[in-house]
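Please keep the sequence and the structure in view while reading.

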Amino acid sequence: MFSLILIALGLLIFLIVAYPLYFIIIASISDSTLVSTGKVFFIPKGISLFGYNEIFHDSRIWTGYKNTIFYTFAGTFVNLLFTLPAAYVLSRKEFKARRFIMLLFVVTLFFNGGLIPTYLLMKGLHLTNTIWVFILPFCVNVFYLIIARTFFESSLPSELYEAAAMDGCSHIKFFIKVALPLSKALISVIGLYYLVGHWNDFFTALIYIRDNELQPLQIILRDILLSNQVFANGAGVGGDAGGYAQRYADQIKYGVIIVSTLPILVLYPFLQKYFDKGVMIGSIKG
């Protein structure tokens with residue numbers, strides 16, 4: 001009886017968490033009138049793919065997907081390229097300046113120059129309206145740097161480096177050959193956080209990008225959603241921006257949500273196994 005109660009409770013919690021996503025999926029293919037009147041609850045009604053058809057027939061979507069995929073993976077690669085080596089160096093006790101440098105990093109968590117000085121800096125570096133503004137300026141997140149440094153300090157015993165050093169291994173070789181292979185969980189978690197951050201980033205494009213060919217998917221979906229709301233409220237009269245939305249407002253709205261989140265939802269299960277995996281088991285005897 002106790003096991004049955006636990007199973008029932010677990011199923012209830014799962015339904016509470018999963019239902020909003022399920023509703024978005026069925027609402028995106030249901031008649032928008034039935035959705036807005038509350039007649040769609042568990043089963044889609046008046047099934048139509050008109051919303052997806054109109055979204056994916058907008059050529060800007062494919063440009064946005066291409067840009068976002070590049071910004072996401074290139075940005076995540078650069079993030080890890082800077083964050084992991086910095087965290088390893090700051091975790092080494094023999095590095096005397098590590099506390100002072102770490103303090104400088106931590107200060108940036110509490111103080112920053114603000115939006116206008118940051119914009120002027122980006123403009124002075126000629127990064128505005130370029131793809132590099134998504135990748136280079138914000139390549140290290142201090143919070144993730146602290147997590148990585150703590151991981152290296154607590155999960156890589158000094159005996160590992162001492163054993164490697166006796167065989168003539170340098171810090172660089174130890175970091176590449178030993179530290180990184182034993183840090184798959186850390187790399188996966190931080191990499192996923194960086195990846196989701198880049199995928200959802202629209203503020204950078206909103207401030208620094210003017211060329212429509214460089215706009216990421218989130219800005220394009222935002223424009224579609226805003227134009228959809230305007231036309232759905234009767235404030236416009238058709239056009240390429242979203243006249244079709246007068247009739248299929250909810251389908252467009254929910255379809256945009258699915259289009260923007262589905263790639264991350266597909267990727268997440270492949271990385272989840274590393275979150276609580278004991279990567280240090282068996283690395284040291286005794």
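This is a predicted model: local features need pLDDT of at least 70, side-chain atom pairs count only at pLDDT 80 or more; totals for chains, interfaces and linings use all residues.

- The axes of α7 and α10 come within 11 Å of each other and cross at roughly 180°.
- Because that angle is over 145 degrees, α7 and α10 are described as roughly antiparallel to each other.
- On the α7 side the contact is made by Y144, I147, A148, F151 and F152, and on the α10 side by L186, I190, Y193 and Y194.
- Sorted by class, the contact of α7 with α10 consists of nine nonpolar residues, with no polar and no charged ones.

**The largest pocket**

- The largest pocket has a volume of about 780 Å³, and of the 29 residues that line this pocket, P137, F138, C139, V140 and N141 are the closest to its centre.
- Two or more lining residues come from each of the elements α5 (98-110), α6 (115-124), α7 (142-155), α10 (184-200) and α11 (203-208).
- The lining of the largest pocket divides by class into 18 nonpolar residues, 10 polar residues and one charged residue.

**The residue V142**

- V142 is part of helix α7, and its relative accessibility is 9%, so this residue counts as buried, the cut-off for that term being under 20%.
- Leaving aside residues up to four places away in sequence, V142 touches F105, V106, T108 and L109.
- Although V142 and M102 stand 40 residues apart in sequence, their C-alpha atoms are 9.3 Å apart in space.

**The second largest pocket**

- The second largest pocket holds about 160 Å³ of space, and its lining is made up of S91, R92, K93, E94, F152, E153, L156, P157, S158 and Y161.
- Helices α7 and α8 (158-166) each supply at least two residues of this lining.
- In the lining of the second largest pocket there are four nonpolar, two polar and four charged residues.
- F152, listed in this lining, is also one of the α7 residues that make the contact with α10.

**The cavity**

- The structure holds one cavity of 30 Å³ or more, and the largest cavity contains about 40 Å³ of space.
- The residues lining the largest cavity are T68, Y71, F134, H198, W199, D201, P216 and Q218, with α4 (59-91) and α10 each supplying at least two residues of the lining.
- By class, the lining of the largest cavity comprises four nonpolar residues, three polar residues and one charged residue.

**The residue T68**

- T68, a member of the cavity lining, is found in helix α4.
- With a relative accessible area of 1%, T68 is buried, because that term applies to residues under 20%.
- When residues up to four places away in sequence are not counted, T68 touches W199, P216, L217 and Q218; of these, W199, P216 and Q218 also line the largest cavity.

Note on methods: Residues are numbered from 1 along each chain as its sequence is written. Side-chain values use heavy atoms; hydrogens and water are left out. On a 1 Å grid over the protein atoms alone, a cavity is a set of points where a 1.4 Å probe fits but cannot get out, and a pocket is an open set with protein on both sides within 12 Å along at least five of seven lines; lining residues have an atom within 4 Å of a point. Grid points are joined across faces, edges and corners, and a volume is the space filled by probe spheres set on the points. Helices (H or I, at least four residues) and strands (E, at least two) are DSSP runs, numbered from the N terminus. Ala, Val, Leu, Ile, Met, Phe, Trp, Tyr, Cys and Pro count as nonpolar, Asp, Glu, Lys and Arg as charged, and the others, Gly among them, as polar. Buried means under 20% relative accessible area, exposed over 50%, partly exposed in between (1.4 Å probe, protein chains only). Contact means heavy atoms within 4.5 Å. Axes are lines fitted to C-alpha atoms, for helices over the stretch in contact, and angles run from 0 to 180 degrees between N-to-C directions. Angles under 35 degrees count as roughly parallel, over 145 as roughly antiparallel, 65 to 115 as roughly perpendicular and the rest as oblique.
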